[in-house]
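Please look over the structure shown here before reading the report. The notes are meant to be read beside it, one heading at a time.

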Amino acid sequence: MSAWAPLLPAAVVGSERHAAPLAAWPGDVGQAIAAATAGAEPAAAVLRAAAVLAACGAAGAQGARFDDALPAAAPANSQEALTDPAQLGPIGWALREGAPRLQLAVPLALARAGRRFPPALLPTVLELGRRSLALRAAFAATLGERGRWLAQQREDWRYAAGAGAQADAQTQWQDGSFEQRRALLQSERASDPAAARERLQAALPELPAKERAELVAVLAQRLGPDDEALLDSLRADRGREVRQAALALLLRLPQAAHPQRAAARLAALVTSSRGLLGRRWEIDAPSAAADDWKADQIEATRPTHERLGERAWWLYQLVRQVPLSWWTTHTGLDAAELLKWAAKTDWAAALQRGWRDVLVAAPDITWCEAVLDAGPAGWADHHTELLALLPPARRERHWQRQLGDGSVPLDRLLPQILAACPAGETLSAPLSRALVQPLLARDAAGALANDYGLRATLPELAAALHLDALAPLATLQRHPDHTPSWADTLHALAQTLATRRALNTLAPETLTP
Amino acid sequence: MSLTLDAVLALAPDASSAKAAQGLLSPSGWPQLGASAAAVWGACQGSGSKPYQTQVDLGGPAFRCTCPSRKFPCKHGLALLMLRVQNAALFKDEAEPGWVSEWLATRGEKAQKKEERQAAAADKPVAQADPEAAAAREAQRWQRIEAAAGELQRWLADQIGRGLGALNAELLQTWATMAARLVDAQAPGLAQRVRDAADSALARDTERTLHHLGLLQLACEALQRRTTLGPALQAELRTVAGWPHDRAEVLAAATPVTERWTVLGMATELRDAKLTERRVWLQGEASGRRAWLLDHAFAGRGFEQAWLAGSSVVATLAPFPGTAGLRMLCAGAGAGAEPTLGPPLWPATTLAAEWQQVGERCAASPWVTLHPLVLPAAVVVQVGGQTRAVCAGRALRLLLGEADTWALLAATGGLPVALMGEWDGVALRPLTAWTPGQAAPLWLRSSE
């Protein structure tokens, strides 16, 4: 009971109405109160008792008893934390204010160096990961035991709590965060594809649809005929994303039963006749829906807002279930010729859309380049998407060409390049130099500071350029008459450069020449 | 020198200066950077045509810059010191250029002159223009305060007579009126205690309200018989009433002591939108004495003397008159010729000794509102949404902002650390955490 309790009745009701004499307290405090209140008016007695209690209470303070068990402390870290202030300064800035691409480069470099974030940065890192799924996976390897411990302490950081790095595969698979489980599946798939498939198959019934779809996509690595049975069963999954993931993977197995059936349907519609100028190919759309379509995920009913007509909609669905290689084998035409041919048929829209779906699901370099070179109408808006399917070196050929002939203005080309360059990768040195040079020329002409579109992409660009090409950007000097926002941009640029250099000292980038 | 970025940032007069300083950290903005044992300096390209000349005397640390900013220290000075912490290799070790050595010399001279003046002042009795008139003014002010205390005592009895249970926001307006009357009677210290009691009453915390009222009763009764009390207790009552001792009075009453002090912690708070209050807690490395420095500055202007939490510095301090023996006045820091900033000597203490000190201080002056407290091995835990420090089976509630809570948890990881804070009798406001045996602090409270 609180020592104040005996005093409360009189103090709350008022000593005028509370006639009872003051209570007695035990011990030395009681004696002090008795001495202080002897002979005093009722109100003064209450106040004097309060004075004794206040002074003695303050002097005897010891905190509240705490008998509960203390929560588990963070285990010792096995990774070394980042401690060099010269690296921590810019890295802290990058996490707080850097472009998303730079934020991602930080944990990737730390992971390459086998280092972890120091405790002071952990709240920032966990909060960033809460808001960005893309960063979350990269952060997982750099949190250390302390970071995982901290994540457990807060509800909205728990995504990162996971199982400890030392935990064995089974514990990680059962108790780990989604990122940990996916990483585990990926590494197992690389070493033992069958074991990874069986692990996934056993877990599928308990996983939510989104996780099922993302984990099934892991099978793309070392995909083989043995995977067909599982994929075929997933065509009937409850989740639409899972069905799509399974169908996309089946496209990469041309010998599997499902793509074979799809090819047979299409073969009946793509026919040739011999003419004066050689073989002529014709295509017709299905005239009626077949009974066996439903079992193969072909919908007979056209969606309400579908732009294609009913028969075109049917054709499109047939096309998107057939690997691109079938077309070249069946017709003997190459990708470029097929594209030209399709544009002239009555069913161009359905064919192009179907092919595009297949291309995205099972990328094919020859087809990608054919589309990019031909650039037929209807495909142009998917330029970036298609470029992203190409290996970086092949992509850059197209950008170099566009830079050279000036067909696309720099302020439109830069965002395209950035969108197509995957986060965590950098552009080649020649392309980087080719991009920096016109920027410097504009700055020299005084035009860069006022080009709002272009300058907004500069910090992000600095995070994507080849390290060797970055130095000239540091020569963009500040002048007193610069507007504050341009000064901010230059500052962000300088900090990005400093971060890139710090990260490179930490873990040299694997540079493409 | 055991400087950390956090400690330097804590010197910033406000949040915008701290942010601006972080924006000046790219080495390209500093065409010249140099360092000697006593100082660091650099030229910073600002918005003017000539670069600013920025310098930091490491002995204080003290700052100087040629920029026109009214903030002190300015962003350039902060950035220079942060660069030094981040990347000492950028600084060329060389002899101080003229503009640096001259400033250091004048600082040394000033300090010396100040010391001489103080010595002269201490030798002579306080020279008053008219001792009689001064004594009369003093007697008049005591008279006013004592009269106000008498009125306050009657008012207190009235409140208790009517009972605290009937209080509501409207009735508490009369408490604000009472506080205003006390300010008019030149007793702002008593007024603040009435306002604190009103805050507790508004929060329906009757025990805490009675705590405040009880201590007010004690102060009133002591003031009524002030002349029968010793000089130290009279000085303490003067402080409780809110009649501050000025610098000359403090220096006249006690001999300043020069010693190496460890800066245990620092709290900066914004008061009334315009005034910044800074509380610095020190511990004498030889004497083991705890000291409290209380300063105020107009917001954004910063403080003349900078203190780095988690460092140690030689300083000359004089205790304020009174019985609490906590508050001191800094008569000069870095008085010697050598650089005086060094690593901290964290206090070796036990929990029992800490509470003993609090108890003794309360016995000497029950009106002390903030006690420096060092928990030698505290585990920071979150229980039911509350953050607490658990030490030897006892738990103290922690007063911490959201960001500081997570930074402290990240820094400690559920492991026992030494935690220094301000104990207000109910909760602890942690300021510094460190691992015993390591000089660099684990965590510092961010400035508010």
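## Domains of the two chains

The model is a predicted one, and its chain A is divided into domain 1 (5-59), domain 2 (71-156), domain 3 (167-252), domain 4 (257-361) and domain 5 (392-506).

For chain B, the domain assignment gives domain 1 (5-118), domain 2 (131-241), domain 3 (247-335) and domain 4 (352-443). Here the centres of domain 1 of chain B and domain 2 of chain B, again taken over C-alpha atoms, are separated by 46 Å.

## Contact between chain A and chain B

Chain A brings 53 residues to the contact, and chain B brings 54 residues. About 4,400 Å² of area is buried between chain A and chain B, and carbon and sulfur atoms give 64% of that area. On the side of chain A, the residues A:Leu47, A:Gln62 and A:Phe66 supply 14% of the area that chain A buries against chain B, which is more than any other three residues supply.

## Helices α16 and α19 of chain A

Helix α16 (residues 310-319) of chain A and helix α19 (residues 348-361) of chain A have axes that come within 8 Å and cross at roughly 30°. Because of that angle, α16(A) is roughly parallel to α19(A), and the crossing of α16(A) and α19(A) is right-handed.

From α16(A), the contact is made by A:Ala312, A:Trp313, A:Leu315, A:Tyr316 and A:Val319, while α19(A) contributes A:Ala350, A:Leu351, A:Arg353, A:Gly354, A:Trp355, A:Asp357 and A:Val358. By class, the residues of this contact of α16(A) with α19(A) divide into 9 nonpolar, 1 polar and 2 charged.

## Helices α17 and α18 of chain A

Helix α17 (residues 324-331) of chain A packs with helix α18 (residues 335-344) of chain A at an angle of about 90°, and their axes are 10 Å apart. The two helices, α17(A) and α18(A), are therefore roughly perpendicular to each other.

The contact is made by A:Trp327, A:Thr328 and A:Thr331 on the part of α17(A), and by A:Ala335, A:Leu338 and A:Trp341 on the part of α18(A). Sorted by class, the contact of α17(A) with α18(A) has 4 nonpolar residues and 2 polar residues, with no charged residues.

Key
Residues are numbered from 1 along each chain as its sequence is written. Chains are lettered from A and ligands numbered from 1 in the order in which they are written. This is a predicted model: local features need pLDDT of at least 70, side-chain atom pairs count only at pLDDT 80 or more; totals for chains, interfaces and linings use all residues. Side-chain values use heavy atoms; hydrogens and water are left out. Domain bounds come from an automatic or database domain assignment. Axes are lines fitted to C-alpha atoms, for helices over the stretch in contact, and angles run from 0 to 180 degrees between N-to-C directions. Helices (H or I, at least four residues) and strands (E, at least two) are DSSP runs, numbered from the N terminus. Angles under 35 degrees count as roughly parallel, over 145 as roughly antiparallel, 65 to 115 as roughly perpendicular and the rest as oblique. A crossing is left-handed if the near helix is turned anticlockwise from the far one by less than a right angle, and right-handed if clockwise. Contact means heavy atoms within 4.5 Å. Ala, Val, Leu, Ile, Met, Phe, Trp, Tyr, Cys and Pro count as nonpolar, Asp, Glu, Lys and Arg as charged, and the others, Gly among them, as polar. Buried area is the accessible area (1.4 Å probe) that two parts lose on being put together, summed over both.
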